[in-house]
Amino acid sequence: MLHLSIVTALWAFSFSLIGVYLAGQVDSWFAAMSRVLIATLIFLPFIKVRQVPLQTALCLMLIGAIQIGAMYGFYYHSFLYLSVPEVLLFTVMTPVYIALINDLMDKRFQAHHILVALIATLGAITIRYEQINEHFWIGLCLVQGANLCFALGQVLYKRLIQHSSISQHSCFGFFFIGALIITGAGFLLFGDSNKLPTNQLQWGLLLYLGLVASGLGYFLWNKGATLVSVGALAAMNNVLVPAGILVNLVIWGKDTNLTKLAIGSVIIFLALYLDRYFEAKHLTSQAPKNN
């Protein structure tokens, strides 16, 4: 949980930074590609090619292509149609996707995962439900595409690493290589070279997003995903919602309903508590009984 909590704090700033300083000003594909490129350069020196089986490397590249590459394609473009709070609001379905994808892969239905995800979703919706603008359908589809990619990537990574003995930092570079292929191709095919960063602030933000939000953030988040239950992972995806809105409130002075923020946050943390309760109960039932 510590890994996920740290990254939540980091990513809470990313929503506002992108929405305020980059969206509509810097080409979306270039922004995605540049931060992935920086993250890739960070992890390349740590790759131990001889210790990583080819199949594992290819799987990591595929996961990175989905979780970051394809996700960024949807995510950055959503800011062209939605405000920062609206993007935050529409991400609340990610926990449901995580629980459903995991259950589909296990070929079984675990009701408590769905329950935890739905409670966390309810908490996020409680915090920020406001009137939708005229770009609702386009924005909704873009964010849901991003949610599905991010959820699928998390589940696939968790399952891959849990069945591998490889040190995560020595192979995580392949994850970013996969993402770089997708974002690079996206910029070449769909990017606008006339909308590159024009000032030091924008370049500085891309550097921060690449080094911290992407490089450090995705490594810690995915590592944290391997250390918690699926239900806890699902719920933690929505802790970002109150954190992001707090940043909007404190740093940029955006108006928000503090009562809704408090109630929604309590609901989300209730989901985390319930997950721990269900997991503990499951472990107890599986423990051998002494005669």
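Is serine 170 buried or exposed, and what is its relative accessible area?

Modeller: Serine 170 is buried, with a relative accessible area of 1%. Buried means under 20% relative accessible area, exposed means over 50%, and partly exposed lies in between (1.4 Å probe, protein chains only). A word on the basis: this is a predicted model, where local features need pLDDT of at least 70, side-chain atom pairs count only at pLDDT 80 or more, and totals for chains, interfaces and linings use all residues. Residues are numbered from 1 along each chain as its sequence is written, and side-chain values use heavy atoms, with hydrogens and water left out.

Serine 170 sits in the loop between α7 and α8 (172-190). Helices here are DSSP runs of H or I with at least four residues, strands are runs of E with at least two, and both are numbered from the N terminus. Leaving aside residues up to four places away in sequence, serine 170 touches Phe46, Ile47, Lys48 and Val52. Contact means heavy atoms within 4.5 Å.

Now take arginine 159, in helix α7 (residues 136-162). Arginine 159 is partly exposed, at a relative accessible area of 24%. Beyond residues up to four places away in sequence, it touches Asn102, Met105 and Asp106. Two of these are polar contacts between side chains. Arginine 159 pairs with asparagine 102 at 3.1 Å and with aspartate 106 at 2.9 Å. A polar contact is a pair of N or O atoms within 3.5 Å; within protein, one must be able to donate a hydrogen and the other to accept it, and residues adjacent in sequence count only if both atoms are side-chain atoms. Valine 36 is 123 residues from arginine 159 in sequence, and their C-alpha atoms are 23 Å apart.

Finally, the whole chain. It has eleven helices and zero strands. The radius of gyration is 19 Å, close to the 19 Å that the globule rule gives for 291 residues, so the chain is as compact as a globular protein of that length. That radius is taken over C-alpha atoms, and the rule is 2.2 Å times the number of residues to the power 0.38. Buried residues make up 54% of the 291. Of the contacts between residues at least 6 apart in sequence, 91% join residues at least 24 apart.
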